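User: I would like to learn how to read features from a model of this kind. Please take them one at a time, with the general idea before the case.

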Amino acid sequence: MTSAVAPGPAPAEATPQRTPLLRLTDVVKHFRVGVNASVKAVDGVSFDVFEGETVGLVGESGCGKSTLGRLITQLIPVTSGTIVFGDTELTTLGGERLRQQRKHLQMIFQDPFASLDPRMTVGDIIAEPLMNFGLMRGREKDRRVQELLRVVGLNPYFNNRYPHEFSGGQRQRIGIARALALNPKLIVCDEPVSALDVSIQAQIINLLEDLQKEFGLTYIFIAHDLSVVRHISDRVMVMYLGKIVEVAPSEDLYRSQAHPYTRALLSAIPVPDPRIESKRRLVELSGEIPSPINPPSGCHFHTRCPIARAPGVCADEEPPLERKRDGHLAACHFAEDVITALTFGPAT
Amino acid sequence: MSDPVLDVKHLSTSFFTDDGEVKAVRDVSLQLYPGETLGIVGESGCGKSVTAMSVLGLVQRPGRVVAGEILFKGRDLLKVPSDELRQVRGRDIAMIFQDPLSSMNPVLRVGFQIDEAMYAHDKIPKEQVHSRDVELLKQVRVPDAVNRLRDYPHQFSGGMRQRAMIAMGLSNKPQILIADEPTTALDVTVQAQILELLRDLNQQLGTSIILITHNLGVVAGLCTRVIVMYAGEIVEEGPVEQIFEHPQHPYTWSLLRSLPRIDANRKDRLRSIEGLPPDLIDPPPGCEFSPRCPFRIERCFSEDPDLAEVAPRQHAACWVTMDRAYAEMNAGSITDTRPGAASGVRPPKDLEPSAAETAETAMQSEPEPVGADEQA
């Protein structure tokens, strides 16, 4: 896991014996709005994902994390850049050949109410991927559906019920069963627990962890809740305004950060412990997130950064995402100063 | 301790639906003291918002307060005529809601809406209203306050809108501010700013705050006292430090252990709470948490425990309490969170959940006899 992510088309330090399951190179997605403007939702993102790992993607609303998830599953086409899955380049595929790849790439959605067709039975919902690919029918299909229900912790005889008969947590399990139906390699989980209550969240997180072990799944886990992401992920990528600003191993993300935005984000997370809370100091960010239609020059974060030198290098030059200390990758000109210049709470 | 500003006694609120009476809040008593920040935490459907709505007389049909008293300044708010209650609402007790966008009128300027709150109550002299709205926006740290007053709500960001809502709530210098999930719709950096604002306002103005939230971290940061609700009832209450360090109700304990914490060891598996909250049309006899509780004993299925003092100023509604669970059931070392796992107690035959209801929990693990090995 030493060099899981590298910027640019040629990963500088990729471990030679491991080939990534997924490699994104300079992926860009611009949505056109109006005549001469576009929302730069994802603005040059490169990273690798290796088999069996969980990569977390966090950021505040509008940072492009969900768009990136949809690009990976090719639910929307890229503006430029490449997405290589296994040895297949997905962005140039179309029609049937792309459809065949979808077997290996599945998605779990945020809203367990909107993502299940209310007029289909649970059995039909879970069997739909099997039917789409003409893989199973009749008895065999029913057995597979029941097996999947069992795997996600539901009663296998629920296959004739409708989604409205289930609670939010149970529906999320149905969504997970559907994603598992085709034995995918990679599952993109887009905020899979943020609509759920705390006590149910833990059930779903544990289930996802168990399934990963059992089926050797690879996850891309997208969420705005850094505590949840850090818990489930091996590596965490932090996004800000369409760019990855830091990649860090989950273990030491709380202890050390190499980007001021990550540090501010961490300082803002309330910890359920009054003693820690009373000592916590907020790394204040000035202003609000700029518009992704016209992001700031140089480092996108410089307008709000507490340690930016602007005018100066931060406003003029875009910092590359590169290796800083302790296995962190960060896109910051002054990553070395982050810990010393910005202190918060008990981490220091 | 001084007299409470708000004293809720044995409040029960129900919703009369076609399926039956949903007993959303049952026998809830709480006191709010001057200058205090009281947190009410619980999961969706636990009755925390309905409790607040009941205080302000905002429960709508088919809901109705069925029993209790809400004493504010010596008057029972449930008995005062609606026009008098209207004078209390917004003037003495203000409320801010989760979604600041749908709480504001989209076609009226923000300044007008803040002024409106002041004109409605005649507490602030009319000629002062205009200077006060600028002052209020500055107080809630909206930059460029003079110009922003002329903006419409859609020109404000989510965080700014919530600030404007807080300004509106504070405009009549209320004694109590009820904040119902004020930061749930906001990003965490913005949430931190709003919480800091509420903390400062509480200290500067002495406004008592009731903070309703599902986020235990938010409570830990802002509140001095906390009430934990489950299935329409208060299960535990007490000073924040005590509740977080020595929770006595198994629900509070489980909830705290089910959270992924940013400062925790990542390898620890989350201790989930198995099962689902009960149906409030037909709550289980005995303790509402017993169907999901790892520490339940036989008594829990038949008798509903009342809140009892478990430590100075701390009350819990539990027959077992965590002190006993730690001493007798090795609560600290349990890894199995299935119902009855620590005590080995199964529900009586007639309460055995049907096959359909157990699906979520029963299918997850091998059907071996629950809890036998943890006891050893």
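User: How is burial read, and is Val320(B) buried or exposed?

Analyst: Burial is a count of C-beta atoms, placed from the backbone: a residue with 20 or more others within 10 Å of its own is buried, one with 12 or fewer is exposed, and one in between is partly exposed. Val320(B) has 25 other C-beta atoms within 10 Å, so it is buried. This is a predicted model, in which local features need pLDDT of at least 70 and side-chain atom pairs count only at pLDDT 80 or more, while totals for chains, interfaces and linings use all residues. Residues are numbered from 1 along each chain as its sequence is written, and chains are lettered from A and ligands numbered from 1 in the order in which they are written.

User: Where does Val320(B) sit, and which residues does Val320(B) touch?

Analyst: Helices (H or I, at least four residues) and strands (E, at least two) are DSSP runs, numbered from the N terminus. Val320(B) belongs to the loop between S12 and H11 of chain B. A contact requires C-beta atoms, placed from the backbone, within 7 Å. Beyond residues up to four places away in sequence, Val320(B) touches Pro250(B), Phe295(B), Ile297(B) and Ala325(B).

User: Which residues of helix H11 of chain B are buried?

Analyst: In H11(B), residues 321-329, the buried ones are Thr321(B), Met322(B), Ala325(B) and Met329(B). They lie on the same side of the helix because their arc, taken from the directions from the helix axis to the C-beta atoms, covers only 135°. Their cover includes H10, strand S11 (308-311) and strand S12 (314-316) of chain B. After H11(B) comes Asn330(B), with a positive phi near 50°.

User: How is a sheet read, and in what order do the four strands of the open sheet in chain A stand?

Analyst: Strands count as paired if DSSP finds at least two bridges between them. In chain A the order is S2-S1-S4-S5, with antiparallel pairing. Strand S2 (37-49) and strand S5 (88-89) of chain A are at the edges with a single partner strand each, so one side of each has no neighbour in the sheet. Helix H1 (residues 65-72) of chain A packs on the sheet and touches S1, S2 and S4 of chain A. Its direction is at about 65° to that of S2(A); such angles run from 0 to 180 degrees between N-to-C directions, with axes fitted to C-alpha atoms, for helices over the stretch in contact. Strands S1 (residues 22-33) and S4 (residues 80-85) of chain A are joined by five bridges, and Leu24(A) has Ile83(A) as its bridge partner in S4(A).

User: How many residues does each chain bring to the contact between chains A and B?

Analyst: Chain B brings 41 residues and chain A 40 residues. The chain B side divides into 19 nonpolar, 11 polar and 11 charged; Ala, Val, Leu, Ile, Met, Phe, Trp, Tyr, Cys and Pro count as nonpolar, Asp, Glu, Lys and Arg as charged, and the others, Gly among them, as polar.

Conventions. Contact = placed C-beta atoms within 7 Å.
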